[in-house]
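The points are grouped by topic.

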Amino acid sequence: MIKVGIVGGTGYTGVELLRLLAVHPDVELTAITSRKEDGLPVADMFPSLRGRVNIAFSSPDKADLSKCDVVFFATPHGVAMAQAPELLKAGVKVIDLAADFRIKDKAVFEKWYKIDHTCPELLEEAAYGLAELNRDNIKNARLVANPGCYPTTMQLGYYPLLKNALVDAGSLIADCKSGVSGAGRKAEIATLFSESSDNFKAYGVAGHRHTPETSAQLQKFTADKVGLIFTPHLVPMIRGMHSTLYARLTKEISNEDLQKLFEDQYKDSAFVDVMPFGSHPETRSTRGSNMLRLALHRPDNGNTVIVLVVQDNLVKGASGQAVQCMNLMFGLEETTGLTQIALLP
Ligand SMILES: NC(=O)C1=CN([C@@H]2O[C@H](COP(=O)(O)OP(=O)(O)OC[C@H]3O[C@@H](n4cnc5c(N)ncnc54)[C@H](OP(=O)(O)O)[C@@H]3O)[C@@H](O)[C@H]2O)C=CC1
Ligand SMILES: CC(=O)N[C@@H](CCC(=O)OP(=O)(O)O)C(=O)O
């Protein structure tokens, strides 16, 4: 059994990790931290886990994480970098759900996250945890940087187009929407019920920290200079993310060939569903599951291709993707413990 520790067990991605790992056949939950809830049985806070998770939270300074085989950091940016070097030295693998190891360039990270990076020597080593495009590196990694939720949709949607040099890489436009759980469980005015329900707005239009992460990754797929405009929106739902990705075709290609390109690209990726051309994927078709669904459109058969992408921000966008990485790091089937079907309605 893989001994698992979770730092940040009281947050949304933390409890989502617990939901998934509690029924994972190869995992033993060993330590779950909370600074405020030291000693409280996990199932007292989350009754959905009664009878499934029988341990208590422990404060991060008391939890003996060095006894774990792998530790997930479901914490704000800057927490994992403080503990990762010591854990790695003790032979513990680390999966960070935050951004501490996502951006290789220390100066770019510090500019966007306003945090000094305390272990830049680990940036190069960290594997970017997007399994569909980086499987082999993840398999051999001891440190994984789990991708951001929006970047997951943008990369999987744009990859086949950029890799095959079919679009103008310099004029990509991503119009993305997230449910409110994307902002985490911490108290914030913007996520109060009376602020976020029956309301809809864009945010971070002048610049969002997922732009540098996504641009740096997209740049790996093409020799042309990537130019990405990314606009996130907050939608009045709890879970779910919908990204509408626009690109200008620069080569002649039929819709059938375009579709086939995507189907071939993801035929061995159990968690990417390429829907029939012209479909309208719904966020609820991914709710609670690790699936990302996408569909291609080409209005008036013109030179704009639109990729619609949906996922559950807490599963494929965060905790499910992290478990997918853990499976690869420990030589398990990538899909182990992740075969849940989405909840409808
Ligand atoms: N929500 C989402 O959809 C996604 C989130 N992420 C990323 O995952 C990470 C976690 O997000 P989310 O679960 O939403 O956040 P939450 O705010 O819901 O939870 C954060 C957790 O971190 C703990 N925590 C906070 N500060 C510290 C600290 N200094 N040391 C140790 N533990 C701490 C909190 O627990 P306590 O106060 O009890 O100690 C809490 O359990 C973030 O980096 C986020 O950016 C990534 C993709 C999607
Ligand atoms: C709705 C909402 O607020 N979403 C968060 C992104 C989700 C997240 O926390 O992702 P990272 O770990 O990649 O930062 C935001 O825009 O800041």
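**Ligand shell and overall arrangement**

In this predicted model, ligand 1 is surrounded by 31 residues, and the closest are Gly-8, Gly-11, Ala-98, Gly-184 and Arg-185. Domain 1 (2-125) and domain 2 (149-312) both contribute residues to this shell, so ligand 1 lies between the two domains.

**Composition of the ligand shell**

- By class, the shell around ligand 1 holds eleven nonpolar, 15 polar and five charged residues.
- Helices α1 (12-21) and α10 (315-329) each supply at least two residues of the shell.
- The most is given by α1, which provides three residues of the shell around ligand 1.

**Domains and their contact**

- The domain assignment of the protein places residues 2-125 in domain 1 and residues 149-312 in domain 2.
- Taken over C-alpha atoms, the centres of domain 1 and domain 2 are 27 Å apart.
- Eight residues from domain 1 and seven residues from domain 2 take part in the contact.
- On the side of domain 1 that touches domain 2, helix α4 (residues 106-113) provides the largest share, with three residues.
- That side of domain 1 comprises six nonpolar residues, one polar residue and one charged residue.

- Helix α8 (residues 210-219) is largely enclosed by the rest of the structure, because seven of its ten residues are buried.
- The buried residues of α8 are His-210, Thr-211, Pro-212, Glu-213, Thr-214, Gln-217 and Leu-218.
- The elements that cover these buried residues include α4, β6 (127-128), α6 (149-163) and β10 (228-234).

**The seven-stranded sheet**

- An open sheet of seven strands runs in the order β9-β10-β8-β11-β14-β13-β12, with mixed pairing.
- Its edge strands, β9 (201-202) and β12 (272-274), each pair on one side only.
- Strand β9 pairs with β10 in the antiparallel sense, over two bridges.
- Within β10, Leu-234 is the bridge partner of Lys-201.
- Helix α9 (residues 255-265) lies across β12, β13 (292-297) and β14 (304-311), and runs at about 165° to β13.

Notes. Residues are numbered from 1 along each chain as its sequence is written. Chains are lettered from A and ligands numbered from 1 in the order in which they are written. This is a predicted model: local features need pLDDT of at least 70, side-chain atom pairs count only at pLDDT 80 or more; totals for chains, interfaces and linings use all residues. Domain bounds come from an automatic or database domain assignment. Two residues are in contact if their C-beta atoms, placed from the backbone, lie within 7 Å. Helices (H or I, at least four residues) and strands (E, at least two) are DSSP runs, numbered from the N terminus. Ala, Val, Leu, Ile, Met, Phe, Trp, Tyr, Cys and Pro count as nonpolar, Asp, Glu, Lys and Arg as charged, and the others, Gly among them, as polar. A residue is buried if 20 or more other C-beta atoms lie within 10 Å of its own, exposed if 12 or fewer, and partly exposed in between; C-beta atoms are placed from the backbone. A residue is near a molecule or strand if its C-beta atom, placed from the backbone, lies within 6 Å of it. Two strands pair if DSSP finds at least two bridges between them. Axes are lines fitted to C-alpha atoms, for helices over the stretch in contact, and angles run from 0 to 180 degrees between N-to-C directions.
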